[in-house]
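Let's take a walk through this one together. Have a look at the fold as a whole before zooming in on single residues.

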Amino acid sequence: MSYNYLRRYRRRGTLSQREMAYLLGIEHRLRVLRYEREQASPSLTTLLAYQVIHDVAPHELFPLLYQQVGQEVSERALILIEQLKDSDHRDCLLYTSPSP
């Protein structure tokens, strides 16, 4: 199962890997191939370039990764909530003093 739709969107736009590399500002088409095969992760700048090229949000290009990250963040948020309930809050960056 593929974790990204980079190849699908590139082919839908009838772009070659070489053409996509040029639009992304990448010197070699092999990097595009590595992104599509999930052998490398694009930088934030490259990810935003993909968004501009395809007019698609990153979470639509990487839906399974987005879902996985969302689940991990949710799990950490639940743990943090429990820690905040059980702690003094004074040394917590998220704590704000009540207004007088």
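What follows goes from the whole chain down to two spots in it.

Keep in mind that this is a predicted model. Start with the secondary structure: the chain has six helices and zero strands, so reading along the sequence simply gives you α-α-α-α-α-α. How much of the chain counts as buried? Of its 100 residues, 23% do. As for how the chain meets itself, take the contacts with a separation of 6 or more: residues 24 or more positions apart account for 49% of them.

Now zoom in on T46, which you'll find in helix 4, the stretch covering residues 44-54. Is T46 buried or exposed? Its relative accessible area is 9%, and because the cut-off for buried is under 20%, T46 is buried. And what does T46 touch? Leaving aside residues up to four places away in sequence, T46 touches L24, I26 and Y35.

With 41% relative accessibility, V73 falls between the 20% and 50% cut-offs, so V73 counts as partly exposed.

Definitions and conventions:
Residues numbered from 1 in each chain as written. Predicted model: local features only at pLDDT ≥ 70, side-chain atom pairs only at ≥ 80, totals over all residues. Heavy atoms only, no water. Buried < 20%, exposed > 50% of the residue type's maximum accessible area, 1.4 Å probe, protein only. Helix = DSSP H or I, 4+ residues; strand = E, 2+ residues; numbered from the N terminus. Contact = heavy atoms within 4.5 Å.
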